Amino acid sequence: MRFSLLSTLATTTLLLTSQLTQASTVSEDVGQSTVTSAPVVLKREDGLFTAVDTPVFAYITLIGTPASNEIPVPSSLLSKTTSTTSTTSSSSSSTTSTTSTAFDGFNSFGKAIPTAIVYSPYEDSGACKSSDTILSDLKIVQSVGIPSIRMYGTDCNTINTVLDNAVLLGLKVNQGFWIGPDGYSGITGYVDDLITWGQTNGWEIFDFITVGNEAINSGYLTTAQLISIIADVKSRLRAGGYNGLVTTSEPPVTYENHPELCTGSAIDFAGINPHSYFDTYSSAATSGTFVVGQYNIVKNICGAMDVFVTETGYPSAGIQNGGNIPSLANQEIAVEAILQDMNYNVTILTLYNDYWKDPGSYGIEQSFGTLRLYEADS
Ligand SMILES: *[C@@H]1O[C@H](CO)[C@@H](O)[C@H](O)[C@H]1NC(C)=O
């Protein structure tokens with residue numbers, strides 16, 4: 001089976017291309033990749049790689065360079081190809097005929113995975129995680145095959161830590177601007193910072209950009225205020241060079257009460273945060289049908305506009321709420337049902353348990369971590 005580098009992630013691709021060019025002057029052997037347990041030899045041939053199977057990710061060891069220079073190659077950069085073509089690079093440029101390895105909702109361990117997972121850059125104490133810790137966390141996301149992370153905000157210098165590391169690992173990002181009690185003034189500087197980052201690093205890493213998370217539901221903004229802020233942020237991003245999608249995230253009920261949030265605003269699709277736990281008529285087993293129902297309600301409200309689940313999940317601990325009994329087993333049942341019923345195309349809250357949060361009145365807030373559900377059975 002042959003693979004070629006996709007050019008969707010410009011920075012990573014260029015990095016690889018330049019390093020591989022150096023390696024090729026020594027030998028055509030690019031090195032070995034570690035695919036879960038079995039090593040696979042990759043060979044470079046006119047910009048194509050030959051390997052025996054699709055790896056989740058591979059570490060290409062360059063010949064003659066120390067192991068510390070290993071370059072992680074995410075599966076999103078490897079694509080099956082049928083014809084002999086070369087990748088786009090500064091030194092060789094030609095038409096690449098490739099078929100992307102499609103996301104099918106399962107990783108190499110056979111575990112169901114979402115298209116995106118929430119990542120929070122905080123230690124249990126609430127302190128900001130270091131760039132090294134963030135890199136190792138994101139390598140774990142990459143290792144379980146989840147293609148994208150959701151960032152709620154821009155604090156902790158994450159524009160320069162999370163984003164730089166995500167580029168290196170080939171992860172996509174839904175970057176949020178978190179709007180709290182300070183309203184728009186709390187994010188204007190971060191909008192500038194993100195534009196500066198994008199102008200340096202490119203915009204391809206972003207699946208989309210989210211202005212506000214539950215800012216209306218939390219009472220921080222009126223609908224009219226949020227609509228006006230979204231319009232302003234979007235026009236600033238456009239002026240800064242970002243031409244991608246922009247949305248906001250609210251529970252479905254916000255769109256029900258304020259349809260103008262999708263029908264009369266600058267968002268490109270409706271971001272929703274449905275949670276079956278808060279529906280007393282729901283249970284772990286019906287979480288999937290609950291999320292689908294909420295998705296359809298918002299779809300009907302927002303007309304032709306696309307809808308995407310920007311946050312859902314299920315707690316593994318906390319108090320019972322109607323038919324919802326938090327437990328590790330029920331979390332697994334609920335998350336699998338949501339993934340299956342939503343065709344795996346949702347954002348799951350979250351990677352790790354959030355011990356930096358207050359447990360909240362239901363005792364659930366710390367207990368949404370799901371990493372174990374995607375890992376190989378030990
Ligand atoms: C997920 O949904 C979004 C929004 O509808 C769509 O653009 C995207 O292609 C979907 N991704 C997959 C892997 O199905």
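Student: At roughly what angle do the axes of helix H2 and H3 cross?

Tutor: In this predicted model, helix H2 spans residues 131–143, and its axis comes within 9 Å of that of H3. The two helices are oblique to each other, and therefore not counted as roughly parallel, a term kept for angles under 35 degrees. The axes of H2 and H3 cross at roughly 40°.

Student: Which residues of H3 do the residues of H2 meet, and how does the contact divide into nonpolar, polar and charged?

Tutor: From H2, the residues taking part are Ser131, Ile134, Leu135, Leu138, Lys139 and Gln142, and they meet Val162, Asn165, Ala166, Leu168 and Leu169 in H3. The residues of this contact of H2 with H3 divide into seven nonpolar, three polar and one charged.

Student: Why are H3 and H4 described as roughly parallel to each other?

Tutor: Helix H3 covers residues 162–169 and helix H4 covers residues 188–201, and their axes lie 12 Å apart. The angle at which H3 and H4 pack is about 25°. Because angles under 35 degrees count as roughly parallel, H3 and H4 are described as roughly parallel to each other.

Student: What is the handedness of the crossing of H3 and H4, and which residues of H4 make the contact?

Tutor: The crossing of H3 and H4 is right-handed. On the H3 side the contact is made by Leu163, Asp164 and Val167, while on the H4 side it is made by Leu194, Trp197 and Asn201.

Student: How far apart are the axes of H4 and helix H5?

Tutor: Helix H5 consists of residues 223–240, and H4 packs with H5 at an angle of about 25°. H4 and H5 are therefore roughly parallel to each other, and H4 passes H5 in a right-handed crossing. The axes of H4 and H5 are 10 Å apart.

Student: Which residues of H5 make the contact with H4, and how many of the residues of the contact are charged?

Tutor: H4 contributes Thr188, Val191, Asp192, Leu194, Ile195 and Gln199, whereas H5 contributes Val233, Arg236, Leu237 and Gly240. The residues of the contact of H4 with H5 include five nonpolar and three polar ones, and those that are charged number two.

Student: Which residues surround the ligand, and how far is a polar side-chain atom of Asn345 from an oxygen atom of the ligand?

Tutor: The ligand is surrounded by Phe103, Thr115, Asp306, Phe308 and Asn345. For Asp306, an N or O atom in the side chain is 2.9 Å from an oxygen atom of the ligand. For Asn345, the distance from a polar side-chain atom to an oxygen atom of the ligand is 2.3 Å.

Student: Where is Cys156 found, and what is its phi?

Tutor: Cys156 is found in the loop between strand S10, which is 148–151, and H3. Although Cys156 is not a glycine, its phi is positive, at about 60°.

Student: Is the peptide bond from Leu349 to Thr350 cis or trans, and what is its omega near?

Tutor: Thr350 is found in the segment after strand S16, which is 347–348. The peptide bond that leads from Leu349 to Thr350 is cis, with omega near 5°.

Note on methods:
Residues numbered from 1 in each chain as written. Predicted model: local features only at pLDDT ≥ 70, side-chain atom pairs only at ≥ 80, totals over all residues. Heavy atoms only, no water. Axes fitted to C-alpha atoms, helices over the stretch in contact; angles between N-to-C directions. Helix = DSSP H or I, 4+ residues; strand = E, 2+ residues; numbered from the N terminus. Parallel < 35°, antiparallel > 145°, perpendicular 65-115°, else oblique. Left-handed = near helix turned anticlockwise from the far one by under 90°. Contact = heavy atoms within 4.5 Å. Near = heavy atom within 4 Å. Polar contact = N/O pair within 3.5 Å; in protein donor to acceptor, adjacent residues only side chain to side chain. Nonpolar A, V, L, I, M, F, W, Y, C, P; charged D, E, K, R; others polar.
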